[in-house]
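Visitor: I am new to this structure, and I would like to learn how to read it. Could you take me through some of its features, one at a time?

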Amino acid sequence: MYTLEEKICILLGEYNIPSTKFFHLWNLFEGADDFVLNFSQSEQVKTLLGNSYSKLKSEIKKQSFDKIINEMNECGVVAVTWFSSDYPAQLRDISDPPYVLFCKGNVSLFETDCLAVIGTRKVSSYGRRIATDFTKVLSEYFTIVSGLAYGVDSIAHQTTLDEDCSTIAVLGSGVLNVYPAAHQGLADRIVQNGGLLVSEYGLHAEPLAFHFPHRNRIVSGLSKGVLVCQAPAKSGTITTVDLALDQGKDIFVVPGEIYDYGFSGSNRLIKTVQSACVTTPRDIVDYYGLDRKAVAKQSYQISIEEQAVVNALSCGQLSFDELIASTGIAPADLNYMLANLEIRSIIVRLPGNLYRLYGGIE
């Protein structure tokens, strides 16, 4: 059951009234009953809402809250509002908090430690490896938050799910109108595997361009820190970092090729944000003083020959031929061994037939 205060939030959220206008509106009245009784008589309300005024006036007069709530119930959506006991505490402290969050999935994830993993939609193969490798480790310690977009966002969500861990997707559209539509399957998988879809916009809200930079304050606001996997100089990723800095969040950035424009924003952040540079997920784990967990979810026994490969790679990446020379293992045996070590997330194969230990050198 929702209180009248919460029902008002749901109705105004369904009509996409911005949070700044909501709190201005709310302060014009002395509680929910006064809001419903005198909404249509206030000239200040009319001026503030503009074109939205007439429709909301009619909906509040009819008290159309239940119609929206019934659809929510049918579709497995719940609303967490500014007046709810389970409203995320970390969002109350940001400068422009959402007054309603339409949620589909596991709302209890708001109570967990979250880390945002973000980056460009046009992700390179190197950026993809960063997002995958870092998320594999960090998802063991944090609920991974991202925006369900193409590129780094979707990699972060998918990798977290592959690791049987928890993820939150913050949408720039309604939770019943997933954008991009190609990620509807990913969104369904998030919910089915104990994750959460979140939006401050109405259930079927369109993915308007200004929604995405605005929703980014929620991505950073929910999180203890923000990991930038790949960012060009001008991007939504940089906007999210700016918001996170204003919110007092920790920033972590993986460096990229200095001649690659796709990493120009990342490398600039490393120069301007103190202690932002990280080269292994362990850097972030250590930063928060978390106990080291098992390297993998399963305990693997490795042979003497496999240990020789691991020892050889402990000093850095090597080519297939260099591994043969270093270990003395026959090419056919080494090829089989490398494939098995890669499947078990002990090593990673790089372009050019190079290999390194999983997660980089610590």
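Predicted model: local features only at pLDDT ≥ 70, side-chain atom pairs only at ≥ 80, totals over all residues.

Visitor: Where does Q63 lie?

Guide: Look in the loop between helix 5 and helix 6. The backbone there deserves a glance too: Q63 is not a glycine, yet its phi is positive, about 50°. S275 is another residue other than glycine with a positive phi, near 60°. You will find S275 in the loop between helix 13 (264–272) and helix 14 (281–287), and at 63% relative accessibility it counts as exposed.

Visitor: Which residues does the cis peptide bond join?

Guide: That bond joins Y179 and P180, with omega at about -5°. P180 sits in the loop between strand 5 (167–170) and helix 10.

Visitor: Now the whole chain, please. How many helices and strands does the protein chain have?

Guide: The protein chain has 17 helices and 11 strands. Its C-alpha trace spans about 85 × 40 × 35 Å along the principal axes. Of its 362 residues, 51% count as buried. Among contacts between residues at least 6 apart in sequence, 72% join residues at least 24 apart.

Visitor: How do I read the packing of two helices?

Guide: Two packed helices are described by the angle between their axes and by the distance between those axes. Here, take helix 15 (residues 304–313) and helix 17 (residues 331–343): they pack at an angle of about 75°, and their axes are 11 Å apart. The two helices are therefore roughly perpendicular to each other. Helix 15 brings E305, E306 and V309 to the contact, while helix 17 brings L334, M337, L338, N340 and L341. Sorted by class, this contact has 5 nonpolar, 1 polar and 2 charged residues.

Visitor: How many residues does the largest nonpolar core have?

Guide: The largest nonpolar core has 41 residues, and L12, F35, M72 and F102 have the most contacts inside it. Several elements each supply at least two residues of this core, including helix 2 (19–26), helix 3 (32–38), strand 2 (100–105) and helix 10 (184–192). Helix 1 gives the most to this core, with 5 residues.

Visitor: And what is L12 in contact with, leaving aside its neighbours within four places in sequence?

Guide: With those neighbours left aside, L12 is in contact with I17, F22, L25, F35, L56 and Y99. Apart from the core we have been looking at lies another, of 31 residues, with L91, L101, V145 and L196 among them.

Visitor: Last topic: how many disulfides does the structure hold?

Guide: First the idea: a disulfide is a covalent bond between the sulfur atoms of two cysteines. This structure holds 0 disulfides.

Definitions and conventions. Residues numbered from 1 in each chain as written. Heavy atoms only, no water. Axes fitted to C-alpha atoms, helices over the stretch in contact; angles between N-to-C directions. Helix = DSSP H or I, 4+ residues; strand = E, 2+ residues; numbered from the N terminus. Parallel < 35°, antiparallel > 145°, perpendicular 65-115°, else oblique. Contact = heavy atoms within 4.5 Å. Nonpolar A, V, L, I, M, F, W, Y, C, P; charged D, E, K, R; others polar. Core = buried A, V, L, I, M, F, W, Y, C linked by side-chain atoms within 4.5 Å. Buried < 20%, exposed > 50% of the residue type's maximum accessible area, 1.4 Å probe, protein only. Disulfide = S-S within 2.5 Å.
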